[in-house]
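Welcome to this tour! Keep your viewer open and select each part as we reach it.

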Amino acid sequence: MLKQITSLQNPFIKNIALLGAKARERKVQGLFVAEGLREVELALRNGFEAEALLFDEVVTPFPTVEILLKNAVKQPGEVIAVSTPVFEKIAYRTGVPNVVAVFKMKTWSIDELHLSETPLLLVMESVEKPGNLGAMLRTADAAGVDAVLVCDPHTDVFNPNAIRASLGAIFTVPVVALSSEEAVSFFKKQGIQIFATWLEAAKPLFECDLTQPLAFVLGAEATGISKFWVEESDERVIIPMAGQVDSLNVSASAAIVLFEAVRQRK
């Protein structure tokens, strides 16, 4: 018989709401919350360990949950049916088939990465907006990058908005959080060329050889990349633009540079 929770005052439910709202609590507890049938399924399929999975039986029948669990590397510690008011407290999307899961954080170190023969990596420096982080992870998954390096982050990688914007890609691509200095040291040891996206004294993207081992570096929308990355780069590249606006959304920029690399490598 399934465990059930109907009380809004249940301590476990209160803690889920806290984990969703507070990055500090996620860090202290080593837990994060993911929501969505697709997102949770991708996390389970890619080896993330769930302490609990919760659903509202009124809108998400248990057979739907069973299908989701079919490809899990490891089954959740608990599967819990909750009342509609409880689900509304912990979920962003209610009234539609949906689940919420509490996962243990799974992090990568730079030395754990298994790179391809000609690696393609994406570096995000000081990314601030969870939505941009999630969108770039989604693009990285689509482009088949070896890993995403989040350097000196200003937002939590496991922010619920980042997970939502990534559509679960945060679980499919190795994501490493580290300092810019650590990333550069790794690239130099591995013979990976650093391509910094930069507006000044830069080479047009479509004139660059992107078939070699390389890492694209993108910065925050407001400030771009730091002087450190400009100085450490092997190539400074610019996306040619025909209009009067001189910049693109950072997630759009990531899509353009990554898929130009994919095109050249085909």
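Two strands pair if DSSP finds at least two bridges between them, and strands (E, at least two residues) and helices (H or I, at least four) are DSSP runs numbered from the N terminus. This is a predicted model, where local features need pLDDT of at least 70, side-chain atom pairs count only at pLDDT 80 or more, and totals for chains, interfaces and linings use all residues. Residues are numbered from 1 along each chain as its sequence is written, and side-chain values use heavy atoms, leaving out hydrogens and water.

**Stop one: the sheet.** Select residues 50-56 (β3) and 78-82 (β4): these strands run parallel, joined by 5 bridges. Find Phe55, whose bridge partner in β4 is Ala81. Now widen the view to 5 strands, which form an open, mixed sheet in the order β1-β4-β3-β5-β2. At its edges, β1 (3-5) and β2 (31-35) each pair on one side only.

**Stop two: a helix residue.** Select Ser253, found in helix α10 (residues 250-265). Is Ser253 buried or exposed? Ser253 counts as buried because its relative accessibility is 12% (buried is under 20% relative accessible area, exposed over 50%, partly exposed in between, with a 1.4 Å probe and protein chains only). Leaving aside residues up to four places away in sequence, Ser253 touches Leu218, Ile239 and Leu248 (contact means heavy atoms within 4.5 Å).
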